[in-house]
Amino acid sequence: DQLEVRLMLGGIGRSSVTLTYEIVNATTGVRLADGKTISVTLDPETGQRIPVPDQTRMLLERGAPLDS
């Protein structure tokens, strides 16, 4: 079977980004699994939460790819 993995932006919080996933049978369209990832932006020196950077927020809202 061929599978299709769909990735969607679930939401952007003050310091977090939620991505949601669906795994679908590409032939039948039947959803086989779903999930989500919540990523929190942290200050690398203190480990404390920080706001999602404005540039990152803008790119995510536009659906643009992020450079690593």
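This briefing covers the salt bridges, a nonpolar surface patch and the strand pairing of one structure. The model is predicted, so local features need pLDDT of at least 70 and side-chain atom pairs count only at pLDDT 80 or more, while totals for chains, interfaces and linings use all residues. Residues are numbered from 1 along each chain as its sequence is written, and side-chain values use heavy atoms, with hydrogens and water left out.

**Salt bridges**

- The structure contains four salt bridges, a salt bridge being a side-chain nitrogen of Lys or Arg within 4 Å of a carboxyl oxygen of Asp or Glu.
- A network of salt bridges links E4, R6, E22, R31 and D34.
- R6 and E4 are joined through their side chains, at 2.7 Å from N to O.
- R31 forms a salt bridge with E22, where the closest N and O atoms are 3.3 Å apart.
- R31 also forms a salt bridge with D34, and here the closest N and O atoms are 3.8 Å apart.

**Exposure of the charged residues**

- Residues are classed by relative accessible area: buried means under 20%, exposed over 50%, and partly exposed in between (1.4 Å probe, protein chains only).
- R6 is partly exposed, because its relative accessibility is 32%.
- E4 is also partly exposed, with a relative accessible area of 34%.
- R31 has 49% relative accessibility and therefore counts as partly exposed.
- D34 counts as exposed, because its relative accessibility is 54%.

**Nonpolar patch**

- L3, V30 and L32 make a nonpolar surface patch of about 290 Å².
- Patches are made of residues with over 30% relative accessible area and no salt bridge; like charges are joined within 9 Å, and nonpolar side chains (Val, Leu, Ile, Met, Phe, Trp, Tyr) within 5 Å.
- Accessible areas come from the Shrake-Rupley method with a 1.4 Å probe, and for residues only the protein chains shown count as cover.
- V30 lies in the loop between β2 (16-25) and β3 (31-40).
- V30 is partly exposed, at a relative accessible area of 45%.

**Strands**

- Strand β1 (residues 3-12) runs antiparallel to β2, and nine bridges join the two.
- Strands here are DSSP runs (E, at least two residues), numbered from the N terminus, and two strands pair if DSSP finds at least two bridges between them.
- G11 has T18 in β2 as its bridge partner.
- The hairpin from β1 to β2 passes through three residues.

How values were computed. Helices (H or I, at least four residues) and strands (E, at least two) are DSSP runs, numbered from the N terminus.
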